[in-house]
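Subject: Structure for your review

Dear colleague,

Please find below the structure that I am handing over to you. My findings follow it.

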Amino acid sequence: MTNTCDSRSAGRAPLRNAAFVVHLIDAADGSGDQARGRVEHVNSGRTARFDSLTEMLRFMRQTLAELDADGC
C-alpha cells in the first residue's frame, strides 16, 4: 500500500492537533450570516473553497478523518 501522507507531517504530533488556515472573504450583503473563503490544512496542504461555515467545518472534519484513516 502506498503512503499518501505528506512528508511535512512526519515526526509531528497526531494530526488531530494540526492547524488550519482560514481566509475569510467579506460577505457582500453585510448580514454576517454567510461565510465565504478558503481553508487549508497546514500539514497536508489540502485546500478547499467554501460558501458557508457548514462547508468549511465539513472540509475540516473530512480532512482529519481521512488522514487519521490513512494513519498519518
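The structure is a predicted model, in which local features need pLDDT of at least 70 and side-chain atom pairs count only at pLDDT 80 or more, whereas totals for chains, interfaces and linings use all residues. Residues are numbered from 1 along each chain as its sequence is written, and side-chain values use heavy atoms, with hydrogens and water left out.

Overall composition

The chain contains 1 helix and 3 strands, and from the N terminus on its elements follow the order β-β-β-α. Helices (H or I, at least four residues) and strands (E, at least two) are DSSP runs, numbered from the N terminus. Of the 72 residues in the chain, 26% are buried; the term buried stands for under 20% relative accessible area, exposed for over 50%, and partly exposed for the range in between (1.4 Å probe, protein chains only). The accessible surface of the chain amounts to about 5000 Å², and carbon and sulfur atoms account for 49% of that surface. These areas come from the Shrake-Rupley method with a 1.4 Å probe; for residues, only the protein chains shown count as cover. Contacts are defined by heavy atoms within 4.5 Å. Among contacts between residues at least 6 apart in sequence, 33% join residues at least 24 apart.

Salt bridges

Side chains of opposite charge can pair when their charged atoms come close. The structure has 2 salt bridges, the criterion being a side-chain nitrogen of Lys or Arg within 4 Å of a carboxyl oxygen of Asp or Glu.

One of them joins Arg 38 to Glu 40, with 3.6 Å between the closest N and O atoms. Arg 38 is partly exposed at a relative accessible area of 30%, and Glu 40 is likewise partly exposed, at 23%.

A salt bridge also links Glu 66 and Arg 46, at 2.7 Å from N to O. Glu 66 belongs to helix 1 (residues 53-69) and Arg 46 to the loop between strand 2 (36-41) and strand 3 (47-50), so this pair ties together parts that are 20 residues apart in sequence. Glu 66 is partly exposed, with a relative accessible area of 33%, and Arg 46 is partly exposed, with 27%.

A buried residue of the helix

Thr 63 is located in helix 1 and is buried, at 2% relative accessibility. Leaving aside residues up to four places away in sequence, Thr 63 touches Phe 20, His 41, Ser 44 and Arg 46.

With kind regards
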